[in-house]
Amino acid sequence: MGKQNIAIDYGKVQQLSADISTSNGGGFDDIVSDYEKLTDNMTKSAGEMFEAVKDQITAEKEVVSAMSKACLQLVGSIATAAQSFQNVDEAMRNMMTN
């Protein structure tokens, strides 16, 4: 059995990357907002345990924020790679038809 060519649906890749990039950070912004609501609603409590929980929530929020940035960069890289492949495909197609 011979090797098959790779088929990329460039329109789908572009649409998905646009959807993720524009839909409030791929959904991570909602999660970060929920973490902020947690700490905002914890203003009437005090104590060591409370501070430890608040510190943990803050640390988790920072991790989610970092993951959001990393995922959005990955989506951007995938979109750039797909565009590069598309450019090469078009150049090769033009060379073959001319």
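Trainee: Which is Thr 39, buried or exposed?

Mentor: This is a predicted model, in which local features need pLDDT of at least 70 and side-chain atom pairs count only at pLDDT 80 or more, while totals for chains, interfaces and linings use all residues. Residues are numbered from 1 along each chain as its sequence is written, and side-chain values use heavy atoms, without hydrogens and water. Buried means under 20% relative accessible area, exposed over 50% and partly exposed in between, with a 1.4 Å probe and protein chains only. The relative accessibility of Thr 39 is 15%, so Thr 39 counts as buried.

Trainee: Which residues does Thr 39 touch, not counting those up to four places away in sequence?

Mentor: Thr 39 lies in helix H2; helices are DSSP runs of H or I with at least four residues, strands are E runs of at least two, and both are numbered from the N terminus. Contact means heavy atoms within 4.5 Å. Beyond four places in sequence, Thr 39 touches Lys 54, Ile 57 and Thr 58.

Trainee: How many Å apart in space are Thr 39 and Ile 57, C-alpha to C-alpha?

Mentor: Ile 57 is in contact with Thr 39, and also with Tyr 35, Leu 38 and Met 42, leaving aside neighbours within four places in sequence. Thr 39 and Ile 57 are 18 residues apart in sequence, and their C-alpha distance is 7.3 Å.

Trainee: Why does Ile 8 count as partly exposed?

Mentor: Ile 8 lies in the segment before helix H1 (10-22). Ile 8 is partly exposed because its relative accessible area is 31%.

Trainee: What pattern does the chain follow along the sequence?

Mentor: Of the 98 residues of the chain, 14% count as buried. Residues 24 or more positions apart account for 76% of the contacts with a separation of 6 or more. The chain has three helices and zero strands. Read along the sequence, the pattern is α-α-α.
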